[in-house]
Amino acid sequence: MKVLKFGGTSVGSVSNLKRVIDIVDQYVKSDNVIVVVSALGGITDLLLEAGHKAQTKDIEYKTSLSKIKDRHSDVLTALLPNKSTSVDSFVQKSFTDLELLLDGIFLINELSVKTQDRLLSFGELLSSFIIAEIFINRGYDAICKNSQELILTDNSYTSAQVNFEISNKNIAKYFNSNKHKINVLPGFIAKSESGESTTLGRGGSDYTAAIIASALNVSELFIWTDVSGMYTANPKIVKNASPIKYISYQEAMELSHFGAKVLYPPTIQPALKTNIPIHIKNTTRPDDFGTIISNEEINNQNAIRGISNVSDVALLTLQGSGMIGIPGFSKRLFETLSREKINVILITQASSEHSICVGINQGFADKAKKAIDNAFDYEIKTEKIDPLIVEMDLSIIAIVGDPMKDHQGISGKMFSALGRNNISVRAIAQGASEKNISAVIKGSDSEKCLNILHERFFESKSKSLNIFIAGVGNVGERLVEQFNKQHDFLKTRSKLNVNIIGLSNSKKMIFDKSGIDLNNWKKLLQSGERATVNGFYEKVRTYNLRNSIFVDVTANPDVANFYKNYLSNSIGVVACNKIACSGSLDYYKDLKSTALKFNASFFYETNVGAGLPVLNTLNNLVLSGDKILSIHAVLSGSLNFIFNSFNEDISFHDVVREAAKEGYTEPDPRIDLSGVDVARKILILARESGFDLELEEIENVPFLSESGLKSKDVSEFYESLKNDEEHYQNLFVKAKEKGCRLKYVASYSGGKARVALEEIEPGHPFFNLEGKDNIVMFYTDRYPDQPMIIKGAGAGAEVTASGLFADIIRTGNQ
């Protein structure tokens with residue numbers, strides 16, 4: 001004999017009911033079958049809704065009742081078009097009784113738990129009768145048996161306790177004498193010793209099936225549902241979650257207790273007692289393997305079997321110095337909760353005995369606080385303990401696995417992964433069996449936390465990076481193209497799954513949690529929402545995704561002023577924008593300390609040398625104990641290009657225009673030619689070397705003409721370049737007559753920094769610097785005579801984008 005249970009979704013539509021018939025047909029060919037069914041999907045909720053509306057004198061309860069009738073009518077019309085009068089009679093009588101019950105609730109303005117159980121029983125009674133009739137109509141030897149006649153419980157309405165001794169005898173007696181091929185029974189419902197309708201708790205249809213399977217000692221129990229078994233995590237939240245093929249009873253019990261809703265927790269106990277395997281299968285995908293729960297030894301190298309969570313948790317903390325060394329506080333606390341019928345989900349107590357924390361469903365938080373404060377009224381008044389502390393809107397995250405006790409470092413991996421992503425843990429619990437480690441966190445962090453832990457324990461071969469890019473102009477566009485091109489390569493070679501979640505220009509911004517289509521992002525951005533600096537930040541913050549990285553490819557000071565907000569939420573920052581690191585010294589130091597405090601990456605390699613590893617090299621020197629004595633550098637690829645291209649045969653104006661066209665200068669070339677950009681770069685180098693310096697302290701020797709320095713806008717500036725050509729030719733000729741070349745040089749030594757156009761003599765490392773190349777020379781204690789030299793392309797959208805790309809990958813590899 002086989003026991004098959006079908007949940008609400010499995011019997012929730014005509015198409016799914018046809019699948020149920022096909023599935024049962026496969027089993028009934030070789031064995032008798034017991035089919036336990038839930039109410040049609042959504043009917044239990046509609047019954048509750050109707051009951052609560054009737055209780056509150058809301059006449060709309062009749063609308064809910066009509067919906068219930070319509071749902072059943074649709075099934076009858078589609079699957080029992082030629083139904084007998086006996087079917088019509090049963091259904092109509094059921095609806096008449098249901099309507100009378102709701103009218104009574106409406107009249108007396110009361111819905112007791114006893115009445116609620118009777119109300120909810122209509123769902124399963126109707127579905128089991130109709131489904132049995134569908135089988136009979138198709139020629140099967142089928143019968144409907146009311147499980148209320150078999151399963152006896154106490155009077156604990158809404159979650160009744162089963163009398164197994166009597167129930168087992170009833171079940172065995174009935175099925176020993178019953179020879180029908182198919183027996184259809186309603187799940188979830190039972191009867192008390194006094195004959196009142198009771199229920200076994202939401203999800204109790206699983207429990208009904210397990211009770212029957214255990215009483216008959218069948219070979220296997222099948223739970224047919226809407227997912228392909230138990231998963232390593234909730235697949236609706238964790239995209240990479242996968243089905244667990246084999247799991248032990250204890251592991252399944254832990255996971256179902258902590259929110260794995262595929263299985264009602266009490267289901268496991270009867271099956272465990274008689275060692276009956278539970279096979280969870282998917283009604284819509286019957287060929288999927290699913291999950292087998294049993295006592296069989298599982299060969300799996302992973303110590304963690306799954307991760308689960310419970311939402312809407314309140315944490316109750318009873319604490320006070322008067323608890324230390326005094327017995328009885330725990331006993332009184334739990335007796336109080338028990339009297340109020342409040343279930344405890346999690347318990348943890350400090351070894352100092354100063355406090356006890358318990359997690360409960362937050363719907364009972366007010367009731368619990370009132371009861372506990374009343375129970376400990378004397379101790380509170382005499383200040384031996386504090387009034388109960390209640391923290392709301394929390395979640396419990398649990399990692400579960402039988403082999404955890406034999407693997408060292410599991411908890412370390414768990415909490416270090418949470419810490420790196422700024423997940424604050426409010427309480428921790430771990431049993432001596434070491435099958436479960438639970439942590440209480442903010443409810444808003446639960447989705448992020450599940451993904452972090454799943455990645456840590458089940459996706460060790462890959463790591464997801466969630467990227468948000470502000471600024472998709474010349475450099476930003478190239479960066480997006482590089483990620484689009486390298487996505488598969490990064491996933492294969494570096495085990496990094498890079499998803500661009502948000503993009504913004506100065507006018508529009510777009511977001512997609514599953515990753516923006518990089519082949520269509522420009523068109524998507526055109527129809528995006530209005531962009532604001534704060535709006536972009538709020539999206540990133542509220543998405544709260546693991547391994548989030550904000551990339552600033554703007555030159556906007558308002559964006560730079562938001563870095564601290566990102567970092568303090570453990571969101572990494574990769575900046576092309578130099579304004580933050582070359583702003584006030586206090587802000588620079590604040591950003592560095594914030595990044596350290598919240599364990600967030602803060603990289604800005606492209607601030608100085610585009611794609612050149614200037615800052616990385618400098619940091620390695622400093623970290624290894626070397627001391628920077630002086631720095632000499634050509635730090636502007638745009639200015640180097642300009643002065644390498646400028647001569648007596650081409651005007652200075654045309655050269656600057658060409659540099660702008662190639663993307664070597666900022667849109668406003670005055671930023672480059674005024675020396676401010678280079679001054680910012682040498683300032684950053686000085687600060688990274690360990691020297692405190694402000695931008696105003698850097699000597700900036702201008703080479704622009706007076707009218708160029710005073711120009712009010714870009715067009716006026718270009719006009720000044722034409723008018724003052726003689727000024728620039730004189731600079732060139734003067735250098736040429738000495739056999740020198742013009743280079744814009746930045747230097748730092750002895751606490752002073754300077755940027756200026758200089759005449760470089762032959763033989764100097766700067767003399768033969770061609771095109772848009774940069775060069776940096778570090779003189780240090782280890783390199784006092786022959787400096788450490790870094791040289792290469794220092795401008796251009798492609799190389800700058802590659803520098804940002806490298807910083808993002810570096811962040812991901814940390």
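My entries follow, one topic at a time.

I am working with a predicted model, where local features need pLDDT of at least 70, side-chain atom pairs count only at pLDDT 80 or more, and totals for chains, interfaces and linings use all residues. Residues are numbered from 1 along each chain as its sequence is written, and side-chain values use heavy atoms, with hydrogens and water left out.

**Nonpolar cores.** I looked up cores, each a set of buried Ala, Val, Leu, Ile, Met, Phe, Trp, Tyr and Cys residues joined through side-chain atoms within 4.5 Å. For accessibility I used relative accessible area: buried is under 20%, exposed is over 50%, and partly exposed is in between (1.4 Å probe, protein chains only). The largest nonpolar core has 81 residues. Tyr-563, Phe-652, Ile-682, Leu-685 and Phe-703 touch the most other members. Helix α26 (residues 676-688) gives the most to this core, namely 7 residues. I take helices (H or I, at least four residues) and strands (E, at least two) as DSSP runs, numbered from the N terminus. Apart from this core lies another one of 54 residues, with Leu-17, Ala-50, Ala-132 and Ile-134 among them.

I then listed the contacts (heavy atoms within 4.5 Å) of one residue. Leaving out residues up to four places away in sequence, Leu-685 touches Val-608, Val-614, Leu-615, Leu-618, Ile-631, Leu-635, Val-776 and Phe-778.

**Salt bridges.** Side chains of opposite charge can pair when their charged atoms come close. My rule asks for a side-chain nitrogen of Lys or Arg within 4 Å of a carboxyl oxygen of Asp or Glu. The count comes to 38 salt bridges.

- Lys-114 pairs with Glu-196, with the closest N and O atoms 3.5 Å apart. Lys-114 sits in helix α5 (residues 113-137) and Glu-196 in the loop between β6 (189-192) and β7 (197-199), so the pair ties together parts 82 residues apart in sequence. Lys-114 is partly exposed at 37% relative accessibility, and Glu-196 is partly exposed at 30%.
- Asp-692 and Lys-589 meet in a salt bridge, N to O 3.1 Å. Asp-692 is in the loop between α26 and β26 (699-700) and Lys-589 in helix α20 (residues 585-597), so this pair ties together parts 103 residues apart in sequence. Lys-589 is partly exposed at 40% relative accessibility.
- Arg-741 pairs with Glu-770, the closest N and O atoms being 3.1 Å apart. Arg-741 lies in strand β27 (residues 741-749) and Glu-770 in the loop between β28 (752-760) and β29 (773-780), so the pair ties together parts 29 residues apart in sequence. Arg-741 is partly exposed at 22%, and Glu-770 is partly exposed at 40%.
- Lys-578, Asp-677 and Lys-681 are linked in a network of salt bridges.

**Backbone check.** Most residues other than glycine have a negative phi. I noted two with a positive value. Glu-383 has a phi of about 60 degrees. Glu-383 lies in the loop between α12 (377-381) and β15 (389-400) and is exposed at 68% relative accessibility. Ser-570 has a positive phi near 60 degrees. Ser-570 lies in the loop between α19 (563-567) and β23 (572-575), but is buried at 8%.

I searched a 1 Å grid over the protein atoms alone; a cavity is a set of points where a 1.4 Å probe fits but cannot get out, and lining residues have an atom within 4 Å of a point. Grid points are joined across faces, edges and corners, and a volume is the space filled by probe spheres set on the points. The structure holds 1 cavity of 30 Å³ or more. The largest cavity has a volume of about 30 Å³. Which residues line the largest cavity? They are Glu-447, Lys-448, Asn-451, Tyr-543, Asn-544, Leu-545 and Arg-546. Helix α14 (residues 446-458) gives the most to this lining, with 3 residues.

**Two last look-ups.** Glu-455 is also found in helix α14 and is buried at 9%. The C-alpha atoms of Glu-455 and Arg-657 are separated by 50 Å. Gly-12 lies in the loop between β1 (2-6) and α1 (14-28). Gly-12 is partly exposed at 24%. Residues up to four places away aside, Gly-12 touches Leu-40, Gly-41 and Arg-71.

Technical notes:
1 Å grid on protein atoms, 1.4 Å probe; cavity = no way out; pocket = protein on both sides within 12 Å on 5 of 7 lines; lining within 4 Å.
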